[in-house]
Amino acid sequence: MDKFKIAPQSFFEVLWTSDKSQTATMVLHPGEESSSGMEQHRGDQITYCLEGEGTITTEKGKIILKEGELLALEVREKHHFRNTGKKDWKVLLFYAPPEY
């Protein structure tokens, strides 16, 4: 059993990894993007918004994710994150299986 304080400060930080899942945090400053283009993962990705808001673009369209909201991305679903808000966008990420 492991316990963590969720206080994201850096762009991307892996908090915990097991053989079946992984937990990380990500912080994007206003206007900042997660990558230069669409990306995809070999497993599911759950994104929970801790603070701020941003836009997640997928092949299905754009979704604004705000504080307290959760988005589930399925295996290999292409996506791109961009902070479209006025303050830092802090998210908690869950990957199954581990990605990083």
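Which strand pairs with β4 over four bridges in the antiparallel sense? Strand β7 (residues 79-82) is that partner of β4. The model is a predicted one, in which local features need pLDDT of at least 70 and side-chain atom pairs count only at pLDDT 80 or more, while totals for chains, interfaces and linings use all residues. Residues are numbered from 1 along each chain as its sequence is written, and side-chain values use heavy atoms, with hydrogens and water left out. The structure includes an open sheet of five strands and holds three salt bridges.

**Terms**

- Strands are DSSP runs of E with at least two residues, numbered from the N terminus.
- Two strands pair if DSSP finds at least two bridges between them.
- Buried means under 20% relative accessible area, exposed means over 50%, and partly exposed lies in between (1.4 Å probe, protein chains only).

**The five-stranded sheet**

- The strand order in the open sheet is β1-β2-β8-β3-β6, and the pairing is antiparallel.
- At the edges stand β1 (12-17) and β6 (70-73), each of which pairs on one side only.
- From one strand to the next, the twist averages 20°; axes are lines fitted to C-alpha atoms, and angles run from 0 to 180 degrees between N-to-C directions.
- Within this order, β2 (residues 22-28) and β8 (residues 89-96) are joined by seven bridges in the antiparallel sense.
- Thr-25 has Leu-92 in β8 as its bridge partner.

- Strand β4 (residues 53-58) pairs with β5 (residues 61-66) in the antiparallel sense, over six bridges.
- Ile-56 has Ile-63 in β5 as its bridge partner.
- In the pairing of β4 with β7, Thr-58 stands opposite His-79.

**Two buried residues**

- Tyr-95 belongs to strand β8 and is buried, with a relative accessible area of 4%.
- Apart from neighbours within four places in sequence, Tyr-95 is in contact (heavy atoms within 4.5 Å) with residues including Phe-12, Lys-20, Gln-22, His-41, Asp-44 and Tyr-100.
- Ala-24 is also one of the contacts of Tyr-95; the two residues are 71 residues apart in sequence, and their C-alpha atoms are 8.3 Å apart.
- Ser-34 is located in the loop between β2 and β3 (44-51), and its relative accessibility of 13% means that Ser-34 counts as buried.
- With neighbours within four places in sequence left aside, the contacts of Ser-34 are Phe-11, Met-26, Leu-28, Glu-39, His-80 and Phe-81.

**Nonpolar surface patch**

- Phe-4, Ile-6 and Trp-16 make a nonpolar surface patch of about 250 Å².
- Patches are made of residues with over 30% relative accessible area and no salt bridge; like charges are joined within 9 Å, and nonpolar side chains (Val, Leu, Ile, Met, Phe, Trp, Tyr) within 5 Å.
- Accessible areas come from the Shrake-Rupley method with a 1.4 Å probe.
- Trp-16 lies in strand β1 and is partly exposed, at a relative accessible area of 30%.

**Salt bridges**

- Side chains of opposite charge can pair when their charged atoms come close.
- A salt bridge is a side-chain nitrogen of Lys or Arg within 4 Å of a carboxyl oxygen of Asp or Glu.
- Glu-33 and Arg-82 meet through their side chains in a salt bridge at 3.6 Å, N to O. This pair links distant parts of the chain, with Glu-33 in the loop between β2 and β3 and Arg-82 in strand β7, 49 residues apart. Glu-33 is partly exposed at 35%, and Arg-82 is partly exposed at 35%.
- Glu-99 and Arg-42 form a salt bridge at 4.0 Å, N to O. Glu-99 lies in the segment after β8 and Arg-42 in the loop between β2 and β3, so this pair ties together parts 57 residues apart in sequence. Glu-99 is partly exposed at 25%, and Arg-42 is partly exposed at 47%.
- Glu-77 forms a salt bridge with Lys-60, and their closest N and O atoms are 3.9 Å apart. Because Glu-77 lies in the loop between β6 and β7 and Lys-60 in the loop between β4 and β5, the pair ties together parts 17 residues apart in sequence. Glu-77 counts as buried at 16% relative accessibility, whereas Lys-60 counts as exposed at 72%.
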